Each structure stands twice: as structure tokens, then as C-alpha cells.
Amino acid sequence: MEPIEYLRTQIKSINDYPKKGIIFRDITSLCEDPKAFPLMIELMASEFIDAGITKVVGTEARGFVFGAAVATKLNCGFVLARKPGKLPRETYQEKYDLEYGSAQLEIHKDAINDNDKVLIVDDLIATGGTIEATIKLIRRTKAQIIGASFAISLPDLNGEKLIEEKYQIKCTSILSFNGL
């Protein structure tokens, strides 16, 4: 079986979760597999091995799992983009809209500087709202964003398209699932 097809078989799809009409792509089932998780990390990092990445930014919460592993593979630092009130030092904050309300992310102001080359990592990109907030946070530091890497993309929700067209940041996804 081809590596991508093997990874695809490790994602469990849960119908009508968290609400009716949604097909939830459960990445935790991939993380539980001792062959699939390292393979996913290898593929997510591979395009950026020679890009001079100095920091990976992972978004809360599953982006921490994938981001830290990708940062280890790229031999660079790892920065957490967290929900409000979870980081102890001075932070930048960025609010963003969700389907029903809003949310906020924060990063430490001193975690990234203008000499850094940053890769954004998350488990999944759907509408792009979380990643858009992450981009705005990183841009406050004057660092260069090299790209964004995702385990899964839901292309019907146009998140990758939004990020690439609005911010000129290349997105790479290992797996793609149609539908919501």
C-alpha cells in the first residue's frame, strides 16, 4: 500500500460530529498508530527540510502534537499559539471568528524575532480562520513565514485557497478529504 493511502486508512471519519451534517476527520486515530504518526511527520516536514526554518508555530491543541514533532525533524525551535491566559510572559493576541462566535490566540512576544523563518503547522485546515489569526500574530514579530503544513485539508471549505491568495503563503497538506 502506498504511504498516502496507508495514512488515509488511519483517519477515522465520524458522521454528525460535532453536529448533524459534519463528517469529523479524527486525526487521533492516526496518532495512535506507531507507523502512521512518524510517516505523517516525515511527510509534513519533507518539503521544508532545506528551507532554513528556525521556528515552527503550532496552534492549540492538535497543532502542538504535529508542530513539536515537525520542529524536532527540522531541528528548530517550537512556539505555541495558545488560547488566552495560558502563556505566562507578555503576549500578542489575535481574535478571529468562528462559525458561532469568536476565539483568540496568543503567542509570547519574545518567542519569534525578525530573523526567524517560520513554518506554521496544524493538524487540519478547514476555513482557515485559525491559521489566519496565527499569520497575523507572526507578522507582528516581523518574522518571515515560509509556509504552512497540515496533515489534513478540507478543500471544499477553501481554507488553503484563502491563505494562499490573501497572504501569499504556500500551504501543503498530506491528506485531502472532500465534504464538510
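Predicted model: local features only at pLDDT ≥ 70, side-chain atom pairs only at ≥ 80, totals over all residues.
Colleague: Which residues are joined by a cis peptide bond?

Modeller: A cis bond joins Y17 and P18, with omega at about 0°, and P18 sits in the loop between β1 (12-15) and β2. The bond from E60 to A61 is also cis, with omega near 0°, and A61 has its place in the loop between β3 (55-59) and α4.

Colleague: Turning to the helices, which residues of α3 are buried?

Modeller: In helix α3, which covers residues 36-46, the buried residues are A36, F37, M40, I41, M44 and A45.

Colleague: What do the buried residues of α3 pack against?

Modeller: Their partners are the helices α1 (3-9), α2 (28-31) and α4 (62-74), together with the strands β7 (117-125), β8 (144-153) and β9 (171-176). As a contrast within the helix, E42 also has its place in α3, yet this residue is partly exposed, with a relative accessible area of 35%. From E42 to T130 the distance is 23 Å, C-alpha to C-alpha, for two residues 88 apart in sequence.

Colleague: How should I read the largest nonpolar core, and how many residues does it have?

Modeller: The largest nonpolar core has 29 residues, and those with the most contacts inside it are M40, V56, F66, V70 and L74. The elements that contribute two or more residues to this core are α1, α3, α4, β7, β8 and β9, and α3 gives the most, with six residues. Another core, of 25 residues, lies apart from this one and includes V79, I107, I135 and A143.

Colleague: What does V56 touch, leaving aside residues up to four places away in sequence?

Modeller: With those neighbours left out, V56 touches G67, V70, A71, L74, C76, G77, F78, V79, L119 and V121.

Colleague: Is L175 buried or exposed?

Modeller: L175 is buried, with a relative accessible area of 1%, and this residue is found in strand β9. Not counting residues up to four places away in sequence, L175 touches I4, L7, R8, I11, M40, A151, I152 and S153. The C-alpha atoms of L175 and F24, which are 151 residues apart along the chain, are separated by 14 Å.

Colleague: For comparison, where does N115 lie?

Modeller: N115 lies in the loop between β6 and β7, and counts as exposed, with 64% relative accessibility. Its C-alpha atom is separated by 8.0 Å from that of K142, 27 residues away along the chain.

Colleague: Let us finish with open space: what volume does the largest pocket have?

Modeller: The general idea is that rolling a probe the size of a water molecule over the atoms shows where empty space is left. In this model the largest pocket has a volume of about 1,200 Å³. Its lining is made up of 33 residues, of which R62, L98, L124, A126 and T130 lie nearest the centre.

Colleague: Which elements each supply at least two residues of that lining?

Modeller: They are β2 (23-26), α4, β5 (91-98), β6 (101-108), β7 and α5 (129-140), and β7 gives the most, with four residues. By class, the lining of this pocket has 17 nonpolar, seven polar and nine charged residues.

Terms used:
Residues numbered from 1 in each chain as written. Heavy atoms only, no water. Buried < 20%, exposed > 50% of the residue type's maximum accessible area, 1.4 Å probe, protein only. Contact = heavy atoms within 4.5 Å. 1 Å grid on protein atoms, 1.4 Å probe; cavity = no way out; pocket = protein on both sides within 12 Å on 5 of 7 lines; lining within 4 Å. Points joined across faces, edges and corners; volume = space filled by probe spheres on them. Nonpolar A, V, L, I, M, F, W, Y, C, P; charged D, E, K, R; others polar. Core = buried A, V, L, I, M, F, W, Y, C linked by side-chain atoms within 4.5 Å.
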